[in-house]
Amino acid sequence: MNAIGKAPVAAATTVGQTVTPWLGVVLAVILLSGALFGYDQGVISGALHGIKATFSLSALLVEVVTSWVTLGALFGALAGGELADRLGRKRAVLIAGVVFTAGSLIEALAPDTLILVGGRLIVGAGVGVAAVAAPLYAAELAPSALRGRFISAYQLAVAGGIFIAYLVDGWLSKDDAWRWMLGLSAAPGLMLVAVALVTPQSPRWLMRMGRRTDAAAQMRKIRPGADPGPGLDAIAAVLGKEKGRASWGEVFGKQWRRPLLVGVGLAVFQQITGINAIIYYADQIFAAAGFTTQAAQTTVTTWAVGGVNVAATFIAIAFIDRLGRRKLLLAGLLGMGLSLAVVGAAFEFMTASAGPAAPSAAGLVTLAALIVFIACFAFSMGPVVWTVINEIFPGHIRGRAVAIATASNWGSAFVVSQVFLSLIGAVGNSFTFWLFALFCGLGWVFVFYRVPETKGRSLEQIQQIWKAKGA
Ligand code: BGC
């Protein structure tokens, strides 16, 4: 059993553990940032057809247009850590909103492929900065008893963004209005800019900057009626023991190896267990499973993947702060692994019967198993990974360490989306899904032995876990 999950810590404070109006504004920032991330993940599958027709793209350029957002997000995530540390979490979110909006408009108005690809890269950079800054902001602003829910709300918005993108793709597909599909994301981008202008700053970041009076003012705003003193003292006590903002050397140093391994490990497992292979290529998987018409594929993808992803995220929101992170992760990975093993077996059966023209029994089993997979992901590896990544690091390395974990996530997403189709070509559908199932098994072992329980602890108390164990 994981001993680091049992390190003795004082009970978390229960002062101000409710959602006040300003915390509602914080929540809006988180929801809008997640929605941008998700919309962008989901929209491209429907837009590609029209883009290909407009610019007569080669196969290589189709890949570039699809995947360079992920590349932009990788660099955006690395920059996001620096921006969040130097300028503050709130300003980093604001910058993400501006960059994202500009990128969406460039995409929508692009006169040629080069500018379109440039727009994709800029949109990606905005998504990457937001993917670091928004959950970080949520983790630092949320009361500890609600922190899991706040970050899960981010994941809910990611899932919601994907779902809305699938719906928009479906509605606009007849007109081939890809410019509208891409350009529409400027609307939540602008909303994010507007909300980020008024939202409170992170008191933890202000304390780090030596601005206690400002930090106290923000605390009073966020939690009226609660005395900011004890909370700020606890932050100051931890800051007093730190040497100031850590260098890259320290972030990678021996002292923080354990939390860094947990953060990067979870980020990579979230991707190599196959979620985006299914999000990006759902239509093609369902086609192989016998859903032959485009309309059937779109409907199944929208509801079985998009809808279930949103619905099951509510399970995480309900239970993450009650059952804890570990239980959700372990249960989810088990369900994900088993369902992928079933998908692999079902494809084996379909190959034997040489490809049905309508969904066969094996095709329907594939559909059911993929629904179970998406549901299990949505209550575990989706929200919990982002939650844990944003709460395990001490403040002086948090920005950079979260950026490294987030960039590893985008890097793995890039690799999986690049190799998925070739893998299917090389080893077949069944082995590809069994490989993802194997990674779920390895992920389960990793969580069991390496990931501590962080439920209900303040960010300062979580640091004690590493000290108690020796990082
Ligand atoms: C992942 C994304 C994924 C999404 C699906 C997020 O947590 O980071 O890569 O597309 O969940 O809902």
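User: Which distance separates an oxygen atom of the ligand from an N or O atom in the side chain of Asn 309?

Analyst: Happy to start there, keeping in mind that this is a predicted model. A polar contact needs a pair of N or O atoms within 3.5 Å. For the side chain of Asn 309 and a ligand oxygen, the separation is 2.9 Å.

User: How much of the ligand does the protein bury?

Analyst: Taken alone, the ligand exposes 310 Å². The space that the ligand takes is the largest cavity. Of the area exposed by the ligand alone, the protein buries 99%.

User: Which element gives the largest share of the shell around the ligand?

Analyst: Good one! Elements giving two or more residues to that shell are α1 (21-55), α5 (147-172), α12 (257-272) and α17 (381-391). With three residues, the largest share comes from α5.

User: How far does a polar side-chain atom of Gln 155 lie from an oxygen atom of the ligand?

Analyst: There are 13 residues around the ligand, and Gln 155 is among those that come nearest, as are Gln 41, Gln 270, Asn 276 and Asn 309. For Gln 270, a polar side-chain atom lies 2.9 Å from a ligand oxygen. For Gln 155, the corresponding value is 2.6 Å.

User: Where does α14 bend?

Analyst: Helix α14 covers residues 294-319, which makes 26 residues. From first C-alpha to last, α14 reaches 37 Å, close to the expected 38 Å. The helix still bends by about 30 degrees, and the place is Val 308.

User: And α2, at which residue does it bend?

Analyst: The 28 residues of α2 (residues 59-86) should span 40 Å at 1.5 Å a residue, and the end C-alpha atoms are 41 Å apart, which agrees. After α2 comes Gly 88, with a positive phi near 105 degrees. The bend in α2 is about 40 degrees, at Ser 67.

Key:
Residues are numbered from 1 along each chain as its sequence is written. This is a predicted model: local features need pLDDT of at least 70, side-chain atom pairs count only at pLDDT 80 or more; totals for chains, interfaces and linings use all residues. Side-chain values use heavy atoms; hydrogens and water are left out. Helices (H or I, at least four residues) and strands (E, at least two) are DSSP runs, numbered from the N terminus. The expected span of a helix is 1.5 Å times one less than its number of residues. The bend at a residue is the angle between axes fitted to the seven residues ending there and the seven starting there. A residue is near a molecule or strand if one of its heavy atoms lies within 4 Å of it. A polar contact is a pair of N or O atoms within 3.5 Å; within protein, one must be able to donate a hydrogen and the other to accept it, and residues adjacent in sequence count only if both atoms are side-chain atoms. Accessible areas come from the Shrake-Rupley method with a 1.4 Å probe; for residues, only the protein chains shown count as cover. On a 1 Å grid over the protein atoms alone, a cavity is a set of points where a 1.4 Å probe fits but cannot get out, and a pocket is an open set with protein on both sides within 12 Å along at least five of seven lines; lining residues have an atom within 4 Å of a point. A molecule sits in a cavity or pocket if more than half of its atoms lie within 2 Å of its grid points.
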